[in-house]
Amino acid sequence: MSQLNKYYSILGLSPNASKDEVKRKYRELALKHHPDINNAPGSQEKFIIINEAYEIITNNKLPKKPLASSY
């Protein structure tokens, strides 16, 4: 699995997902794991990873270092 595919996987999408699909799924997951809404253990970390995946997919630029932790 390529590194970019990993970010699509975090959002639960295929690499050929449209921009609208990416945006819709990001919003769904961000609301689900937002620290102000969800106080469950690990939810804040998931929120950070979801944000990172969204930024990388929408900017089409891979980071120099991999994700801080696995999702």
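**Aromatic pairing and its setting**

A: The count comes to one aromatic pair, where rings of Phe, Tyr and Trp (its six-membered ring) pair if their centres lie within 6.5 Å, and planes under 30 degrees apart count as stacked, over 60 as edge-to-face and the rest as tilted. The partners are Tyr26 and Tyr54, whose rings are stacked, with 4.1 Å from centre to centre and 15° between the planes. This pair joins distant parts of the chain, as Tyr26 belongs to helix H2 and Tyr54 to helix H3 (residues 43-59), 28 residues apart. Tyr26 and Tyr54 are both buried (under 20% relative accessible area with a 1.4 Å probe, protein chains only; exposed is over 50%, and partly exposed lies in between).

The model is a predicted one, in which local features need pLDDT of at least 70, side-chain atom pairs count only at pLDDT 80 or more, and totals for chains, interfaces and linings use all residues. Residues are numbered from 1 along each chain as its sequence is written, and side-chain values use heavy atoms, with hydrogens and water left out.

Helix H2 (residues 19-33) also holds Lys25 and Glu28, which lie three residues apart, about one turn of the helix. Glu28 forms a salt bridge with Lys25 (a side-chain nitrogen of Lys or Arg within 4 Å of a carboxyl oxygen of Asp or Glu), and the closest N and O atoms are 3.6 Å apart. The structure contains one salt bridge. Glu28 is partly exposed, at a relative accessible area of 47%, and Lys25 is likewise partly exposed, at 23%.

Beyond these residues, the chain has three helices and zero strands, counted as DSSP runs numbered from the N terminus (H or I, at least four residues, for helices; E, at least two, for strands). Along the sequence the pattern reads α-α-α. The mean pLDDT, the predictor's confidence in each residue from 0 to 100, is lowest among the elements in helix H1 (residues 3-10), at 91, and highest in H2, at 96. For the chain the average is 88, and 86% of the residues score at least 70.

Of the chain's 71 residues, 28% count as buried. Among contacts (heavy atoms within 4.5 Å) with a separation of 6 or more, 51% come from residues 24 or more positions apart.
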